[in-house]
Amino acid sequence: MPTKSASPAMPKFDVEAMVSLQKSNLDTFVAAQKIMFDLVQTMAKRQSDMMQDAFARSEEMMKSFDGKKQPQAYMDEAKAAMEKAIAEAKETMDLSMKAQTEVVDLFVKRATANFDEAKTISS
């Protein structure tokens, strides 16, 4: 007749630690969502401002058209407008990269914390 061996002890499961871990995960997602939402709002405002500025400059160029003005002067204005547009695009790109970096940092920190906190959930 086989003898019964003692079954291994089941690990304890800390429900409060699990709930806390999930709450921290959710808080991280909310923080990341806020960063991205703020970025979208900022970019939308900047694009609106850039469009208004571009229309105002175009209107001003049309009103100030002078047949006696040298073509080089128009080229200089166009070049300045293009340089401004490129600078604004770079600034927008920098804002986007900064926000993305912040979000990635949040998730990396949360993932690291999850590994540490997972050890306390079951012991």
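The model is predicted, so to speak: local features need pLDDT of at least 70, side-chain atom pairs count only at pLDDT 80 or more, and totals for chains, interfaces and linings use all residues. Residues are numbered from 1 along each chain as its sequence is written, and side-chain values use heavy atoms, leaving out hydrogens and water.

Let us start with the two helices, α1 (15-63) and α2 (residues 71-121); helices here are DSSP runs of H or I with at least four residues, numbered from the N terminus. Their axes, lines fitted to C-alpha atoms over the stretch in contact, with angles running from 0 to 180 degrees between N-to-C directions, come within 9 Å and cross at roughly 180°. Because angles over 145 degrees count as roughly antiparallel, α1 and α2 are roughly antiparallel to each other.

Now look for the aromatic pair, of which the structure holds one. Rings of Phe, Tyr and Trp (its six-membered ring) pair if their centres lie within 6.5 Å, with planes under 30 degrees apart counted as stacked, over 60 as edge-to-face and the rest as tilted. The ring centres of F29 and F107 are 5.2 Å apart and the planes stand at 55°, so this pair is tilted. F29 belongs to helix α1 and F107 to helix α2, 78 residues apart, and the pair thus links distant parts of the chain.

Finally, K45 forms a salt bridge (a side-chain nitrogen of Lys or Arg within 4 Å of a carboxyl oxygen of Asp or Glu) with D49, the closest N and O atoms being 3.1 Å apart.

Methods. Parallel < 35°, antiparallel > 145°, perpendicular 65-115°, else oblique.
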